[in-house]
Amino acid sequence: VQLQASGGGLVQAGGSLRLSCAASGLTFSSYVMGWFRQAPGKEREFVALINSSGGSTYYADSVKGRFTSSRDNAKNLVYLQMNSLKPEDTAVYYCAAGYVFGVMRHSYSYWGQGTLVTVSS
C-alpha cells in the first residue's frame, strides 16, 4: 500500500492550497481517508476525514469552514482544499487510510509520507 501526499508549499496568510493524496495497492473505495498534521514540536493531530463514498466528512474545529475534503474513487485520489490559511496551519500534512470513521490516529492502518505546508504572516 502506498499513499503519496502532494501539493504543499509556501503560501501567505489568507491564501489557499489544495493537497492531494494518491493511493495505490488497496481497494481505495472501501477506505475512510483521513488528514492529519504535525507542527514542529507538537503531536500529530486530526484535521479532516471523508468516508469511503465521499458522502460524509468531518473536520476539526480549528479548520471547520476553511478546509474541505473530497475524493475521486475512480482515480484513487483524496483532496484537502485549504482556504483562508493561517500561520498556525503550518505543519506537515499526512493522509491516512482506515476502515473506521474516526479521529484517532490508531483508526488508520496506512499513512503517507507527508507534505509540508508553510503559511507566512
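The structure is a predicted model, in which local features need pLDDT of at least 70 and side-chain atom pairs count only at pLDDT 80 or more, while totals for chains, interfaces and linings use all residues. Residues are numbered from 1 along each chain as its sequence is written, and side-chain values use heavy atoms, with hydrogens and water left out.

The protein has zero helices and eleven strands; here helices (H or I, at least four residues) and strands (E, at least two) are DSSP runs numbered from the N terminus. The radius of gyration, taken over C-alpha atoms, is 13 Å, close to the 14 Å that the globule rule gives for 121 residues, so the protein is as compact as a globular protein of that length. That rule is 2.2 Å times the number of residues to the power 0.38. Along its principal axes, the C-alpha trace spans about 40 × 25 × 25 Å.

Of the 121 residues, 45% are buried, where buried means under 20% relative accessible area, exposed over 50%, and partly exposed in between (1.4 Å probe, protein chains only). Contacts, defined by heavy atoms within 4.5 Å, can also be sorted by separation along the chain. Among those with a separation of 6 or more, 56% are between residues 24 or more positions apart.

Strand 4 (residues 32-38) is largely enclosed by the rest of the structure, because six of its seven residues are buried. Two strands pair if DSSP finds at least two bridges between them. Strand 4 pairs with strand 9 in the antiparallel sense over seven bridges, and Met33 has Ala97 of strand 9 as its bridge partner. Strand 4 also runs antiparallel to strand 5 (residues 45-50), to which five bridges join it; Arg37 stands opposite Glu45 of strand 5. Six residues lie between the strands in this hairpin, where Gly41 takes a positive phi near 80°.

On the surface, Tyr58, Phe101, Val103 and Met104 form a nonpolar patch with about 370 Å² of accessible area together. Such a patch joins nonpolar side chains (Val, Leu, Ile, Met, Phe, Trp, Tyr) within 5 Å, from residues with over 30% relative accessible area and no salt bridge, the latter being a side-chain nitrogen of Lys or Arg within 4 Å of a carboxyl oxygen of Asp or Glu. Met104 lies in the loop between strand 9 (91-98) and strand 10 (108-111), and counts as partly exposed because its relative accessibility is 47%.

Notes: Patches are made of residues with over 30% relative accessible area and no salt bridge: like charges are joined within 9 Å, nonpolar side chains (Val, Leu, Ile, Met, Phe, Trp, Tyr) within 5 Å. Accessible areas come from the Shrake-Rupley method with a 1.4 Å probe; for residues, only the protein chains shown count as cover.
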